[in-house]
Amino acid sequence: MQRSFTFGGYETTVTMTSRGRLWNALDDRSLLVADANTAAYLPVDRRLHEVPAGERAKSWPELERLLAGLLDADLTRDASVVGVGGGVVCDLTALAANLYLRGCRLVLVPTTLLAMVDASLGGKTGINFGGFKNIVGTFYPASEIRICPETLTTLPEREYRSGLAEVIKTAMLGDESLFETLEQEPERVAARDAAVLERAVWSCLDIKGSIVEADLTETGVRAHLNLGHTFAHALESVEGLGAWSHGEAVAWGLARAMELGGAAGITDGAYARRVRELLERYGYRVGPLPEAAQQIRAAMQKDKKRRGDRPRFVLQRELGSTLVTEVDSALVDRVLRGEGRRDYG
Ligand SMILES: NC(=O)c1ccc[n+]([C@@H]2O[C@H](COP(=O)([O-])OP(=O)(O)OC[C@H]3O[C@@H](n4cnc5c(N)ncnc54)[C@H](O)[C@@H]3O)[C@@H](O)[C@H]2O)c1
């Protein structure tokens, strides 16, 4: 199965394929980029550049090492650099592909659920710098994305659940029937049932793809994809990266976004309850953390990507009805102190 998207003049073709066909018609001159956990999926006869597993690969020294690797491999502009891994490998490889020769062909093979439904699609590249996550980066969509759901069978449970939070978020943005599947079939979802996963991945790609087609560089509607993320990023920075997985923080942030929307009189109470119940069903921690309220608030103020002085929040009226708005600080404090749930019971 295949779909194509056009992001700001770049065409991205996404193919869902089997392990046996994953490397079909890949240019011999390609350089593959992977980490120790994803190298097992590579074809044996290809050139490999290995990066460390995990967030530390998204660094300036690793970017420089990868650019040197591309130079050593004598990669020409029409040859492909192929990132095989999670969001980390995708983000780093995409940035190097954009910089090398002012842009060489980029193929991404996402191997985590998060990278399949989110990081591989939409052109955001990046590394962490100066203590800030994703503060250096560009927009450079992949020419091709090859998705092989079988790779998810080796993914650690915590990483799987991290991606699942983004699936829930995306269903909230625009797929009622996926949301219902998540509500009604938790066992199949938890068991990584191939049919359920394939459907969820396509749905998320369709939703994200159509949003990014309308707004590649995040001047408008792309911000909707950040539902729950203002809270999540602040939590991650207070608790230290790694204490909560990104998805766990996103799930916590989705619960706070529901409460904030309720407190502001925007979010339908029954919908907010439904979201909370779904998050709880999948075992996410969704309770408030009043003891960390002040620190989380301070972290929101320090967010380098905010516009203006006041944080803006992505909120929802109901499933599929999303808006970006400033909210009275007193309401944000109320939610962080743990008083938000009273607004929707
Ligand atoms: N560009 C974007 O639009 C975008 C969107 C969301 C997130 N991101 C970025 O993505 C990153 C997080 O991505 P992630 O959650 O995929 O984490 P990750 O890339 O660190 O992968 C998580 C872990 O799983 C391992 N792994 C990957 N695939 C595996 C497999 N099939 N089997 C076994 N182990 C496997 C990796 O080696 C790593 O240890 C963050 O840096 C975030 O900023 C980017």
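Which residues of α8 are buried? They are His229, Thr230, Phe231, Ala232, Ala234, Leu235 and Glu236, where buried means under 20% relative accessible area, exposed means over 50%, and partly exposed lies in between (1.4 Å probe, protein chains only). The model is predicted: local features need pLDDT of at least 70 and side-chain atom pairs count only at pLDDT 80 or more, while totals for chains, interfaces and linings use all residues. Residues are numbered from 1 along each chain as its sequence is written, and side-chain values use heavy atoms, with hydrogens and water left out.

**Domains**

- The chain is divided into domain 1 (2-155) and domain 2 (157-345), with bounds that come from an automatic or database domain assignment.
- The C-alpha centres of domain 1 and domain 2 lie 26 Å apart.
- Domain 1 contributes 28 residues to the contact and domain 2 contributes 30 residues, contact meaning heavy atoms within 4.5 Å.

**Helices α8 and α11**

- Helices (H or I, at least four residues) and strands (E, at least two) are DSSP runs, numbered from the N terminus.
- The buried residues of α8 are covered by elements including α4 (157-174), α9, α11, β10 and α12.
- Gly240, which follows α8, has a positive phi near 90°.
- Helix α11 (residues 293-302) has Ala293, Ile296, Arg297, Ala299 and Met300 buried.
- Viewed down the axis of α11, its buried residues fall within an arc of 160°, so they line one face of the helix; the arc is that of the directions from the helix axis to the C-beta atoms.
- Gln294 and Lys302 are exposed on the other side of α11.
- The partners against which the buried residues of α11 pack are α8 (229-239), α9 (246-263), β10 (312-318) and α12 (329-336).

**Aromatic pairs and cluster**

- The structure holds seven aromatic pairs; rings of Phe, Tyr and Trp (its six-membered ring) pair if their centres lie within 6.5 Å, and planes under 30 degrees apart count as stacked, over 60 as edge-to-face and the rest as tilted.
- The ring centres of Phe179 and Tyr271 are 6.5 Å apart and their planes are at 45°, so this pair is tilted.
- This pair links distant parts of the chain, with Phe179 in helix α5 (residues 176-184) and Tyr271 in helix α10 (residues 269-281), 92 residues apart.
- Both Phe179 and Tyr271 are buried.
- Trp244 and Trp252 form an edge-to-face pair, at 6.4 Å centre to centre and with 70° between the planes.
- Trp244 is buried at a relative accessible area of 6%, and Trp252 is buried at 1%.
- One aromatic cluster is formed by Phe231, Trp244, Trp252 and Phe313.

**Charges over rings**

- A charge sits over a ring if NZ of Lys or CZ of Arg is within 6 Å of the ring centre and within 35 degrees of the ring normal.
- Arg3 lies over the face of Trp202, 4.3 Å from the ring centre.
- The charged end of Arg161 sits over the ring of Tyr284, at 4.6 Å from its centre.

- Arg146 belongs to strand β9 (residues 144-147) and is buried, at 7% relative accessibility.
- The side chains of Arg146 and Glu144 make a polar contact of 2.6 Å.
- Residues up to four places away in sequence aside, Arg146 touches residues including Thr15, Trp23, Asn24, Val107 and Pro110.
- Asp206 is in helix α7 (residues 194-214) and is partly exposed, with a relative accessible area of 29%.
- Apart from neighbours within four places in sequence, Asp206 is in contact with Arg3 and Phe5.
- The side chains of Asp206 and Arg3 are joined by a polar contact of 2.9 Å.

- Most residues other than glycine have a negative phi.
- Leu101 is not a glycine, yet has a positive phi of about 55°.
- Leu101 is in the loop between α2 (87-99) and β6 (105-110) and is partly exposed, at 40% relative accessible area.
- Arg192, also not a glycine, has a positive phi of about 60°.
- Arg192 lies in the loop between α6 (186-190) and α7 and is buried, with a relative accessible area of 18%.

Conventions:
Polar contact = N/O pair within 3.5 Å; in protein donor to acceptor, adjacent residues only side chain to side chain.
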